[in-house]
Amino acid sequence: MEFNDVYDHERVTRKFTNRKVNEKVLARIVKKAQESPSLLNSQPWRIYMVTENALSSLKREVKQQLDENVKPHEDFATTLSLNWDSYPSQNMAAVGATLPYFFHNKMDLFKDANDTMFNAQAVAYLTIPRSSPAWSVFDLGILAQSIMLLAIDEGLGVMPAHSMVAYPEIVRKYGQIPEDELVGMAIGLGYKDKLAEVNDPKFFPERLPFEKVYKLVK
Ligand SMILES: Cc1cc2nc3c(=O)[nH]c(=O)nc-3n(C[C@H](O)[C@H](O)[C@H](O)COP(=O)(O)O)c2cc1C
């Protein structure tokens, strides 16, 4: 695909079909994403691609936690400040206020999608060392963006979701991730279920007005 086509398709997919993703495609995506820039070429990341039986077991245990109302406890929440400044808070509040609107009061679609891990057929768990500067979180974000754009170019749908790192001990267990790494983010991958209502473009949220985020200084 042309770059702008790939970029224009970067919308999240909240329901994937049961079609598996070829292992070679997954490896190709991550191998290319490794070319992403990082501070002093530190490449702080590791990528654990969880699929098949490991992923099914992981999903089952996550569902148990949800059923038992276990409070989410992401690794980043324990290491980074959880306080938001008023600017992103207001943006999130605006989204929160309109989410039922975007979802046409079908918030159960949104919740079910998250609770079933979007039926993702592969989940890329992205980690950095437990002892990391904030720069490494920035680097990990760049890597995540590279993975998503490359995956879209391969015809896949992508689903970055912090809800999939809510129970890091389960991710560690099934992803075979060492204790000294932080489970930063997860990207669900698979083929978009075009018939699923939750994927309907009518749910795509808008962005802030350009003038609000951009300032040209001369
Ligand atoms: C770091 C990060 C975490 C996210 N976590 C979730 C999540 O847990 N559940 C979810 O449904 N969407 C999640 N999203 C998706 C955002 O809600 C979505 O990107 C945003 O609303 C804009 O929608 P769009 O990407 O389809 O344009 C996450 C996105 C990012 C970048």
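At a relative accessibility of 4%, Asn 199 counts as buried. Here buried means under 20% relative accessible area, exposed means over 50%, and partly exposed covers the range in between, with a 1.4 Å probe and protein chains only. Asn 199 belongs to the loop between S4 and H9. Helices (H or I, at least four residues) and strands (E, at least two) are DSSP runs numbered from the N terminus. A polar atom of the Asn 199 side chain lies 2.8 Å from the backbone nitrogen of Arg 14. A polar contact is a pair of N or O atoms within 3.5 Å; within protein, one must be able to donate a hydrogen and the other to accept it, and residues adjacent in sequence count only if both atoms are side-chain atoms.

## Basis of the model

The structure is a predicted model, in which local features need pLDDT of at least 70 and side-chain atom pairs count only at pLDDT 80 or more, while totals for chains, interfaces and linings use all residues. Residues are numbered from 1 along each chain as its sequence is written, and side-chain values use heavy atoms, with hydrogens and water left out.

## Surroundings of the ligand

The ligand is surrounded by 13 residues, of which the closest are Arg 11, Arg 14, Asn 114, His 162 and Arg 207. A residue is near a molecule or strand if one of its heavy atoms lies within 4 Å of it. By class, this shell holds seven nonpolar, three polar and three charged residues. In this scheme Ala, Val, Leu, Ile, Met, Phe, Trp, Tyr, Cys and Pro are nonpolar, Asp, Glu, Lys and Arg are charged, and the others, Gly among them, are polar.

Arg 14 places a polar side-chain atom 2.7 Å from an oxygen atom of the ligand. For His 162, a polar side-chain atom lies 2.9 Å from a ligand nitrogen atom. Arg 207 has a polar side-chain atom 2.9 Å from an oxygen atom of the ligand. Taken alone, the ligand exposes 620 Å², and the protein buries 69% of that. H6 and strand S3 (157-160) are the elements that give two or more residues to the shell. Accessible areas come from the Shrake-Rupley method with a 1.4 Å probe; for residues, only the protein chains shown count as cover.

Nine salt bridges are found in a search of the whole structure. The term denotes a side-chain nitrogen of Lys or Arg within 4 Å of a carboxyl oxygen of Asp or Glu. Side chains of opposite charge can pair when their charged atoms come close.

One of these bridges joins the side chains of Lys 15 and Asp 193, at 3.7 Å from N to O. Lys 15 lies in the loop between helix H1 (3-8) and helix H2 (23-33), and Asp 193 in the loop between strand S4 (181-190) and helix H9 (210-213), so the pair ties together parts that are 178 residues apart in sequence. Lys 15 is partly exposed at 32% relative accessibility, whereas Asp 193 is buried at 15%. The Asp 193 side chain also reaches the backbone nitrogen of Leu 195 at 3.0 Å. In another bridge, the side chains of Lys 173 and Glu 61 meet at 2.6 Å, N to O. This pair links distant parts of the chain, with Lys 173 in helix H8 (residues 168-175) and Glu 61 in helix H3 (residues 52-67), 112 residues apart. Glu 61 is buried, with a relative accessible area of 19%.

The side chains of Asp 115 and Lys 111 meet in a salt bridge at 2.4 Å, N to O. Because Asp 115 and Lys 111 are four residues apart in helix H6 (residues 107-115), about one helical turn separates them. Asp 115 is buried, with a relative accessible area of 18%.

Helix H7 (residues 134-153) has 20 residues, which at 1.5 Å a residue should span 28 Å; the end C-alpha atoms are 29 Å apart, which agrees. The expected span is 1.5 Å times one less than the number of residues. The buried residues of H7 include Leu 140, Leu 143, Ile 147 and Leu 149. After H7 comes Gly 155, whose phi is positive, near 90 degrees.

Leu 126 is found in strand S2 (residues 122-129), and Leu 126 is buried at 0% relative accessibility.

## Ala 94 in helix H5

Ala 94 is found in helix H5 (residues 86-102) and counts as partly exposed at 42% relative accessibility.
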